[in-house]
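Visitor: I would like to learn how to read a model like this one. Please take me through it feature by feature.

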Amino acid sequence: MSLSDFDRQLLQRCLSRQPRAWEDFVDRFLGLVVHVVHHTTRVRSVAVSPQDVEDLASEVFMAILANDYGVLRRFRGHSSLATYLTVISRRVVVRELLKRRIVPNLSDTSEMQDVADDATSPEERFSNREEVERLLDELHGEEADIVRLYHLEGKSYHEISSQTGVPENSIGPTLSRARAKLRRQAANAAASSN
């Protein structure tokens with residue numbers, strides 16, 4: 001899909017700093033950015049609070065504004081603006097999750113997706129990361145590498161495949177098996193400490 005006339009005009013208005021252009025841009029793409037935040041955190045099994053979602057969306061828009069709309073200036077129109085912004089948003093969200101040391105929730109995430117996690121302080125997030133690192137020590141070889149690259153370094157399946165030599169279509173099943181092992185290990189550790 002190519003760049004629509006409406007988005008082309010909106011882009012030009014932003015780059016020429018016309019009145020209300022930025023507000024119109026945010027109105028048009030806020031829903032997309034929030035969707036990308038939710039999707040990216042869900043795919044990475046990270047429970048986020050409504051405040052986290054708001055902060056992450058804000059970081060995306062700050063990245064777009066940075067360097068005099070540098071992100072928008074680099075857009076070449078080879079796709080729709082929404083597609084381009086989806087990629088940019090995902091990269092910013094992954095970078096922020098890593099920077100903030102927000103790590104995957106190794107328990108079943110189906111119940112956690114809609115639960116606000118307001119109580120998680122940076123210190124708790126850091127200790128959770130340490131726990132993930134400890135649990136990863138229980139995995140070996142390729143499996144540990146793939147989990148570390150995906151969950152702690154935010155790499156895509158393609159990037160992991162390039163780095164490890166594992167076929168791209170094997171990354172998802174490997175992650176699923178590793179997560180199941182980690183959940184069992186976490187459950188066993190919790191049971192033995194009670």
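This is a predicted model: local features need pLDDT of at least 70, side-chain atom pairs count only at pLDDT 80 or more; totals for chains, interfaces and linings use all residues.

Visitor: What is the mean pLDDT of the protein?

Guide: The mean pLDDT is 79, and 78% of the residues reach 70 or more. The stretch to treat separately is residues 106-128, where pLDDT stays under 50. For that stretch the model has 28 contacts beyond four places in sequence.

Visitor: Back to helix 1. Which of its residues are buried?

Guide: The buried residues of helix 1 are Asp7, Leu10, Leu11 and Cys14. Seen down the helix axis, these buried residues fall within an arc of 100°, so they line one face of helix 1.

Visitor: What do the buried residues of helix 1 pack against?

Guide: They pack against helix 2, helix 3 and helix 4.

Visitor: Take one member as an example. Which residues does leucine 85 touch?

Guide: Leaving aside residues up to four places away in sequence, leucine 85 touches Phe25, Phe29, Leu32, Ile64 and Leu72.

Visitor: How should I read aromatic pairs?

Guide: A pair of aromatic rings is described by the distance of the centres and the angle of the planes. Here the count comes to 5 aromatic pairs. One of them joins tryptophan 22 and phenylalanine 25, which are stacked at 5.2 Å centre to centre with 15° between the planes.

Visitor: Why can two residues of one helix pair in this way?

Guide: An α-helix has 3.6 residues a turn, so residues three or four places apart point the same way. Tryptophan 22 and phenylalanine 25 are 3 residues apart in helix 2, and are therefore separated by about one helical turn.

Visitor: Are tryptophan 22 and phenylalanine 25 buried or exposed?

Guide: The cut-off for buried is under 20% relative accessible area. Tryptophan 22, at 19% relative accessibility, counts as buried. Phenylalanine 25 is buried too, with a relative accessible area of 0%.

Visitor: What kind of pair do phenylalanine 25 and phenylalanine 29 form?

Guide: A tilted one, with 5.0 Å centre to centre and 50° between the planes. Both residues lie in helix 2, 4 residues apart, which is about one turn of the helix. Phenylalanine 29 is buried, at a relative accessible area of 4%.

Visitor: Which residues form the aromatic cluster?

Guide: Trp22, Phe25, Phe29, Phe61 and Tyr69 form one aromatic cluster.

Terms used
Residues are numbered from 1 along each chain as its sequence is written. Side-chain values use heavy atoms; hydrogens and water are left out. pLDDT is the predictor's confidence in each residue, from 0 to 100. Contact means heavy atoms within 4.5 Å. Rings of Phe, Tyr and Trp (its six-membered ring) pair if their centres lie within 6.5 Å; planes under 30 degrees apart count as stacked, over 60 as edge-to-face and the rest as tilted. Helices (H or I, at least four residues) and strands (E, at least two) are DSSP runs, numbered from the N terminus. Buried means under 20% relative accessible area, exposed over 50%, partly exposed in between (1.4 Å probe, protein chains only). The arc is that of the directions from the helix axis to the C-beta atoms.
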